[in-house]
Amino acid sequence: MIRRDSRFEMVGSVQTGEAFLDSIAQGQPAFDIAVLGWKLSDMDGGMVLSELQRRKLCARIVIFSNDHDVAILKQCVHLGVQGFCYQFEDPCILFETLIAVAHGRICVPYVDVSKINESPLSRLTPRERELLTVLADGWTNLQIATRTGISENTVKYHLKNLYDKLDVRNRAMAVGLFASEKSRGSQRSS
């Protein structure tokens with residue numbers, strides 16, 4: 001598609017995220033914009049974008065995704081992508097995105113930008129955040145009940161609500177999500 005459009009010159013292609021990262025590190029091929037599929041054989045686009053940041057490599061990237069998951073779009077925006085479009089959209093959308101990015105613009109599908117930084121934890125009440133913190137510290141239900149002055153059944157009720165809000169099934173998944181969000185937050189602030 002890109003080769004057939006006279007506004008663009010295709011200078012190369014690679015099949016894996018690692019090959020793409022290696023080509024950027026070596027400065028080969030020289031390009032203005034890279035179109036990167038979200039799902040690659042060895043990693044996803046988010047991993048490539050993260051690795052670009054980690055290695056301090058610069059490239060203008062347009063993610064071309066076949067997955068209509070808003071979380072992917074949000075992740076890409078967090079990781080500094082310059083363009084994003086879906087494979088099922090009209091091809092002219094890809095071309096318009098490429099032109100916008102070539103002119104120094106950021107071009108992504110509409111998403112409520114006030115929600116870009118929203119995480120599952122942002123939906124929790126202060127009490128639920130407190131409960132999640134003590135879970136992460138390894139407290140048992142009995143310890144939580146004793147130290148907060150509520151019954152163990154009430155603790156279980158609160159935990160069920162917490163798990164529902166976080167869309168997890170158990171304590172380990174909730175603590176894992178908490179740790180993941182905490183580390184993302186510290187990366188954003190550094």
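**Helix packing in a predicted model**

In α5, residues E128, L131, L132 and L135 meet H158, L159, N161, L162, K165 and L166 of α7, where contact means heavy atoms within 4.5 Å. By class, this contact of α5 with α7 has six nonpolar, two polar and two charged residues; Ala, Val, Leu, Ile, Met, Phe, Trp, Tyr, Cys and Pro count as nonpolar, Asp, Glu, Lys and Arg as charged, and the others, Gly among them, as polar. The model is a predicted one, in which local features need pLDDT of at least 70 and side-chain atom pairs count only at pLDDT 80 or more, while totals for chains, interfaces and linings use all residues. Residues are numbered from 1 along each chain as its sequence is written, and side-chain values use heavy atoms, with hydrogens and water left out.

How are these two helices arranged? Helix α5 (residues 126-136) and helix α7 (residues 152-166) pack at an angle of about 95 degrees, and their axes are 10 Å apart. Axes are lines fitted to C-alpha atoms, for helices over the stretch in contact, and angles run from 0 to 180 degrees between N-to-C directions. Helices (H or I, at least four residues) and strands (E, at least two) are DSSP runs, numbered from the N terminus. The pair α5 and α7 is therefore roughly perpendicular, a label for angles of 65 to 115 degrees, whereas those under 35 degrees count as roughly parallel, those over 145 as roughly antiparallel and the rest as oblique.

A second pair can be followed in the model. The axes of helix α1 (residues 17-25) and helix α2 (residues 45-54) come within 10 Å and cross at roughly 30 degrees, which makes α1 roughly parallel to α2. The contact is made by G17, F20, L21 and I24 of α1 together with V48, E51 and L52 of α2. By class, it has five nonpolar, one polar and one charged residues.

Helix α2 can also be viewed on its own. Its buried residues are G45, G46, V48, L49, E51 and L52; buried means under 20% relative accessible area, exposed over 50% and partly exposed in between (1.4 Å probe, protein chains only). These buried residues pack against α1, β1 (34-37), β2 (61-65) and α3 (70-78). At the start of α2, a side-chain oxygen of D44 reaches to within 2.9 Å of the backbone nitrogen of G46. After α2 comes K56, whose phi is positive, near 60 degrees.

Finally, S6 lies in the segment before α1. With 78% relative accessibility, S6 counts as exposed.

Terms used
Polar contact = N/O pair within 3.5 Å; in protein donor to acceptor, adjacent residues only side chain to side chain.
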